[in-house]
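Please look over the model below before reading on. The notes that follow take it point by point.

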There are 2 protein chains.
Amino acid sequence: MEQLKRIPSHIGVIPDGNRRWAVRNGYKKQDGYAFGIEPGFQLYELMLEYGIREATFYGFTKDNNKRAAEQREAFTAACVEAVKRLSGRDANLLVVGNTESPAFPVELKAYANHRVGFGRGRINLNFLVNYDWKWDLNGLKENGRLKSAEIPRVDLLIRWGGRRRLSGFLPAQSVYADFYIIHDYWPDFQPSQFLDALRWYQDCDVTLGG
Amino acid sequence: MEQLKRIPSHIGVIPDGNRRWAVRNGYKKQDGYAFGIEPGFQLYELMLEYGIREATFYGFTKDNNKRAAEQREAFTAACVEAVKRLSGRDANLLVVGNTESPAFPVELKAYANHRVGFGRGRINLNFLVNYDWKWDLNGLKENGRLKSAEIPRVDLLIRWGGRRRLSGFLPAQSVYADFYIIHDYWPDFQPSQFLDALRWYQDCDVTLGG
C-alpha cells in the first residue's frame, strides 16, 4: 500500500458509464448495471485500506427515472443487491433519497433517514437512491435543513465515464470538492484509477475559497 | 469565425489564477487582479461574436474576504472598474451578492438585485460580487427562492487557473453544467482557450440526468 500524506475525509463517487459499457460489450443497455456492483465492493475495500472515513455513492436519481422501464428496474435492482451484499460487510449505511415516491425501493426504506451499522462499521457509506437535488434543497424551504443534512462536505469527487459534470450530485456538499474524472466506464473499474485520484488529490490546494 | 452547431445559452466563468500569475511575473499578489479586467472584455467580445446570450462571471466571494486587506481592496477595485467599463458597452448587467455586508462595494449597489441595461443590451451579464453560496441557498429558507433566482441554469462552466472545483459558484444552477478547465492563469487569457471550450462543448451529451 502506497503511503499518502493527504487523505480525503469524504469521497463522492459517480459510477457512470454502465449503459455505454453494456452496449460496447454486446449487452443490452440495462444489463450494464449488474456489472457495476462488484466494482463498488472493490472500491469499498480500497477505501478501507486507505483509511477513508466516509464515502457517498450515486445510486440513481429522480432524473434517471425518465429512462426506459427495463433500465429503471435494472438500476433499482442493482442498488438493492448492493445493499444486501454490504450488510455482510463493515460499514455504517445511510440511504438518502425521496422515500415518498413509488420509485424508491421498499427494500431500502429501513436504511433511509437514519444510519444503520453493519459489522465493525469501519466506514460511513452514504448511498443516494432516488435522490433529487431539488428535493434535497427543498428541505431548506420546509424546515431550514437540507434533506441530506447528515452528509458532510465532499473533499474529492471521482466520476467514471468521462463526463465532467455533477449531474445533480449533492450540490451543497460539493461546492468545494475537487473533481477527478476517469474516462473508463464504471464496470471497467481498476484500483489504479482510484489510486491516481488519491495521488492527484495530494497536490490540490484546499482553500475553501479563502 | 468558426461555425459551431451547439452554442451554450449560459456560460459560467471562473477567472482564477490572478495572484499566481502576479507572483510568477514578479508582481505582488494583489497586483494580479488589475490584469484580469482586459481579458474579461476580450472574452465579452468573443461571446457577442458567438451569440452567447448569457454569462455569469465570478467576481469575488465572502470566502475571498478572508484574504489580506490589500488583496481585498484590489479585487474589489477591479470589480468596480470592470462595471464602469462595461457601462460603455452593450450588456444587461445584474450584480448578485450580499449587499448588506460592508464588503459589498457601494459603487455597485445600483446594479444589485435588478438588471440594468447598457447600450444595445446584446448579452445578459451576471456578476457575482461578494457572493456567498450559503447566503444564496439561505434565500430558500427565508422566502422559498434562491437569492440568485434571476440567474438561469449554467450550461458550460469554464474555469481558468487549473483547479477543478466550483469554489461555491452558483451551486443550484451548476448541477448540470459541463466543466471545462483551462490550466493557464486568467490574466494569460487567449481567445483559443474559449474556442477550445466551445469546441469541447459540441460533443457533450446533454441529458439533464435522464
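**Notes on the predicted model**

1. Strand 1 of chain B (residues 10-15) has six of its six residues buried, so it is largely enclosed by the rest of the structure. Buried means under 20% relative accessible area; exposed means over 50%, and partly exposed lies in between (1.4 Å probe, protein chains only). Strands are DSSP runs of E with at least two residues, helices are runs of H or I with at least four, and both are numbered from the N terminus.

2. Conventions, briefly. This is a predicted model, in which local features need pLDDT of at least 70 and side-chain atom pairs count only at pLDDT 80 or more, while totals for chains, interfaces and linings use all residues. Residues are numbered from 1 along each chain as its sequence is written, chains are lettered from A and ligands numbered from 1 in the order in which they are written, and side-chain values use heavy atoms, with hydrogens and water left out.

3. Strand 1 of chain B has partners in strands 2 and 6. Four bridges join strand 1 to strand 2 (residues 54-61) of chain B, and the two run parallel. Here B:Val13 has B:Phe57 as its bridge partner. Five bridges join strand 1 to strand 6 (residues 156-160) of chain B, again parallel. B:Pro15 is bridged to B:Trp160 in strand 6. Two strands pair if DSSP finds at least two bridges between them.

4. Now the sheet in chain A. Seven strands form an open sheet with mixed pairing, in the order 4-3-5-2-1-6-7. Strand 4 (116-117) and strand 7 (178-182) are the edge strands; each pairs on one side only. Strand 2 (residues 54-61) and strand 5 (residues 123-131) of chain A run parallel and are joined by seven bridges.

5. Which residue of strand 5 is the bridge partner of A:Phe60? The partner is A:Val129. With 0% relative accessibility, A:Val129 counts as buried. A:Val129 touches A:Phe60, A:Val95, A:Val96, A:Gly97, A:Asn98, A:Phe104, A:Pro105 and A:Leu108, leaving out residues up to four places away in sequence. Contact means heavy atoms within 4.5 Å. A:Val95 is 34 residues from A:Val129 in sequence, but the C-alpha atoms are 6.5 Å apart.

6. A:Asp155 sits in the loop between helix 4 (133-143) and strand 6 (156-160) of chain A. Its relative accessibility is 11%, so A:Asp155 counts as buried. Beyond four places in sequence, A:Asp155 touches A:Pro8, A:Ser9, A:His10, A:Ala177, A:Asp178 and A:Tyr201.

7. A cavity is a set of points on a 1 Å grid over the protein atoms alone where a 1.4 Å probe fits but cannot get out; lining residues have an atom within 4 Å of a point. The volume of the largest cavity is about 90 Å³. Its lining has four nonpolar, three polar and five charged residues.

Conventions
1 Å grid on protein atoms, 1.4 Å probe; cavity = no way out; pocket = protein on both sides within 12 Å on 5 of 7 lines; lining within 4 Å. Points joined across faces, edges and corners; volume = space filled by probe spheres on them. Nonpolar A, V, L, I, M, F, W, Y, C, P; charged D, E, K, R; others polar.
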